[in-house]
Amino acid sequence: MKTGNDVLRKGMFILLLAVPLASQASVVDEQLVSYQASGAGSFSAQKGEQLWRQEVVSEKDGHARSCTTCHGNDLRSAGKHAKTGKTIEPLSPAVNVERLSSAKKIRKWFKRNCKWTWGRECTSQEKGDLLSFIRQQ
Amino acid sequence: MDNRKSKTWSIVLTMGFTLGLVGISGMVLSDDDDYEDNDQWSQSRLDVAPVDNAFYKDECGSCHFPYQPGLLPARSWQRLMDGLEDHFAENAELEAADAEQLTIYLTENAADTSDYKRSRGISRSLAKNDAPLRISTTRYFKRKHHELPDRVVKDNPDVRSFSNCELCHTRAAQGSYNEHQVKIPGYADWDD
């Protein structure tokens with residue numbers, strides 16, 4: 001038999017889970033809107049996944065680099081920094097609620113990591129596609 | 001009366017002399033910090049001021065060990081912060097206001113403005129205009145680590161680099177680099 005208490009507890013649980021997810025959603029949505037404001041079209045998670053795996057040979061060391069070089073193929077698992085060996089916590093917001101929860105961090109890491117991985121900044125279109133992919137993982 | 005007076009003087013002088021000796025021997029010992037480590041009195045004293053800036057810990061420590069500002073002189077930190085786009089072959093760019101805030105923290109607490117013993121040691125080991133970016137290239141650091149062969153650090157898969165202070169110095173995060181607190185992964189019995 002379900003008591004009122006159980007229902008309340010369950011409700012609270014869902015609510016606690018929903019709050020960080022909701023804030024992630026609004027942060028990501030705001031980013032997407034701003035990318036479109038700067039010229040991007042509609043976004044595709046599928047395109048984002050292709051970009052995620054897209055390799056570019058580094059002018060600096062001659063090795064191919066992609067997002068997976070450090071983040072790995074499975075966004076729900078931890079990655080490993082290619083150089084320092086330091087663990088990189090999973091990027092998937094489903095298993096790591098801190099991910100995609102700060103616009104400032106999204107900006108910071110896109111800037112750094114696009115430059116390191118592809119040798120240039122990402123376009124608004126690319127960022128939107130990538131975010132659309134990452135948020136679904 | 002005169003006799004008494006000179007006796008008192010000789011006691012005072014002896015005491016003064018003894019205190020002086022203690023003082024001098026303390027200075028001599030503290031000049032080489034590894035002797036000082038054996039001294040109970042100074043054991044509680046930290047080697048470098050610990051990091052007390054949450055923003056620094058978060059921004060820099062999310063990628064690597066947050067090195068205490070007291071491990072390099074201000075001119076090094078300035079040079080390092082001016083080159084974040086190529087930060088040891090990584091891109092570590094920050095928004096201008098954030099970079100500025102961190103530069104202030106680093107330079108104000110740098111080795112050449114600190115009187116913690118390792119900070120003083122590092123500072124003293126550098127030429128006046130020398131602004132190294134790596135702590136491990138300072139003469140002081142090299143002197144302290146010269147006995148370590150490559151297999152123990154560079155070629156040790158669990159250490160890989162001298163930049164990973166905290167992997168061997170178990171209390172590095174607290175600002176303590178005492179050699180008795182060193183535990184090298186894979187070399188449990190290492191003793192130098």
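B:Cys60 is buried in the predicted model, its relative accessible area being 16%; buried denotes under 20% relative accessible area, exposed over 50%, and partly exposed the range in between (1.4 Å probe, protein chains only). The closest cysteine sulfur to that of B:Cys60 belongs to B:Cys63 and lies 8.5 Å away, too far for a bond. A disulfide is here a pair of cysteine sulfur atoms within 2.5 Å.

The model is a prediction, in which local features require pLDDT of at least 70 and side-chain atom pairs count only at pLDDT 80 or more, whereas totals for chains, interfaces and linings use all residues. Residues are numbered from 1 along each chain as its sequence is written, chains are lettered from A and ligands numbered from 1 in the order in which they are written, and side-chain values use heavy atoms, with hydrogens and water left out.

Over all chains, the structure holds 1 disulfide. This bond joins A:Cys114 to A:Cys122, with an S to S distance of 1.9 Å. The torsion about the S-S bond of A:Cys114 and A:Cys122 is about -100 degrees, and the disulfide is therefore left-handed. Both A:Cys114 and A:Cys122 are buried.

Chain B comprises 9 helices and 0 strands, where helices (H or I, at least four residues) and strands (E, at least two) are DSSP runs numbered from the N terminus. The pattern read along its sequence is α-α-α-α-α-α-α-α-α. Of the 192 residues of chain B, 38% count as buried. With contact defined as heavy atoms within 4.5 Å, 61% of the contacts in chain B between residues at least 6 apart in sequence join residues at least 24 apart.

The interface between the two chains was then considered. In total, 17 residues of chain B are in contact with 14 residues of chain A. The area buried between chain B and chain A is about 1400 Å², and carbon and sulfur atoms give 33% of it; buried area is the accessible area (1.4 Å probe) that two parts lose on being put together, summed over both. B:Glu90, B:Asn91 and B:Glu93 supply 33% of the area that chain B buries against chain A, more than any other three residues.

Between chain B and chain A, 6 salt bridges were counted, each a side-chain nitrogen of Lys or Arg within 4 Å of a carboxyl oxygen of Asp or Glu. In one salt bridge, the side chain of A:Lys115 meets that of B:Glu85 at 3.5 Å, N to O. Helix H4 (residues 54-61) of chain B gives the most to the side of chain B that touches chain A, with 3 residues. The residues on that side of chain B divide into 5 nonpolar, 4 polar and 8 charged; Ala, Val, Leu, Ile, Met, Phe, Trp, Tyr, Cys and Pro count as nonpolar, Asp, Glu, Lys and Arg as charged, and the others, Gly among them, as polar.

A:Gln137 is placed in the segment after helix H5 (124-136) of chain A and is partly exposed, at 24% relative accessibility. Not counting residues up to four places away in sequence, A:Gln137 touches A:Leu75, A:Arg76, A:Ser92, A:Pro93 and A:Ala94. Its C-alpha atom is separated by 20 Å from that of A:Glu55, 82 residues apart along the chain.
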